[in-house]
Amino acid sequence: MGLGVLTFVTDEGIGPGELGQALEQRGFESLFLAEHSHIPAGDVTPYPAGGPIPPKYYRTLDPFVALTAAAAATERLLLGTGIALVPQRDPIHTAKEVASLDLVSRGRFRFGVGVGWLREELANHGVDPSVRGRVVDERLDAMIEIWTHEKAEFHGEFVNFGPIYSWPKPVQKPYPPLYLGGGPAGFKRIARLQAGWLSMTPSADVLAPHLEQLRDLAGPDVPVISFHGGAPTAEELEGYRALGLQHLLVELPTEPRDETLRRLDELRDESAKLA
């Protein structure tokens, strides 16, 4: 089971290039970055974890820029979005960003996507939050058309363009592995797209029944990357390996360089107990 981290890279913490190098040097397999374009001021949708929305949410770097810096500084590290907020993104531009990052990383990109939870952030991008699931469906379908056709076109309710040329095409075929975030409500979308699931859960015990439900719907070989939101102890991490997961992410707090490196050393030593 590969182990990686999910984090927010901001202007106040370790830089993405140095973070990527530190992860690769310590034997971690991946770096996944969160995305928020902005956080609206004032009263907004309640933060899912409770309390005020942390500053890292509005200080985070653009994930494609940060992951490109990490790609240039590493050789083997897998690079992913965890998650890219598709309702807030133009599909033509995003298709090019995904393909470009896949090219410069030599096929190391994993495209984690989601519908978003902060309704006011979505609305500021001109998207009605009540239809964001349908917007995601069309934008993903449009991006797949661009990645897989020399001359692409798409005509839908929310995305509409005539024949276009767009390069580069992704290195990975037919396109980088696609992982959808969220819970069981998105399982039909995962099955339709033959995608993977990027789950977020406090423990393997909580994940297990949902994983069984997904495998019943999408097949036993559906790819799953799980983000473990609890303490990253060897005992907790071992439970995920017992579920047959190929990859696990743990949270890396957003901190300056020295604190981050110390935390990565601790996580490496703890994960070594799994061997």
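Modeller: By the rule used here, the count is one cavity of 30 Å³ or more. A cavity is a set of points on a 1 Å grid over the protein atoms alone where a 1.4 Å probe fits but cannot get out. Keep in mind that this is a predicted model, where local features need pLDDT of at least 70 and side-chain atom pairs 80 or more, while totals for chains, interfaces and linings use all residues. Numbering runs from 1 along each chain as its sequence is written, and side-chain values use heavy atoms, without hydrogens and water.

The largest cavity has a volume of about 50 Å³, the space filled by probe spheres set on points joined across faces, edges and corners. Its lining (residues with an atom within 4 Å of a point) includes Thr-7, Phe-8, Val-9 and Thr-10, along with Leu-252, Pro-253, Thr-254 and Glu-255. Gly-13, Ile-14 and Leu-19 line the cavity too. Sorted by type, that's six nonpolar, four polar and one charged (Ala, Val, Leu, Ile, Met, Phe, Trp, Tyr, Cys and Pro are nonpolar, Asp, Glu, Lys and Arg charged, the others, Gly among them, polar).

Now for the pocket, an open set with protein on both sides within 12 Å along at least five of seven lines. The largest pocket has a volume of about 1000 Å³. Of the 40 residues lining the largest pocket, Pro-48, Ile-83, Trp-117, Gly-182 and Met-200 lie nearest its centre. That lining divides into 22 nonpolar, 14 polar and four charged residues.
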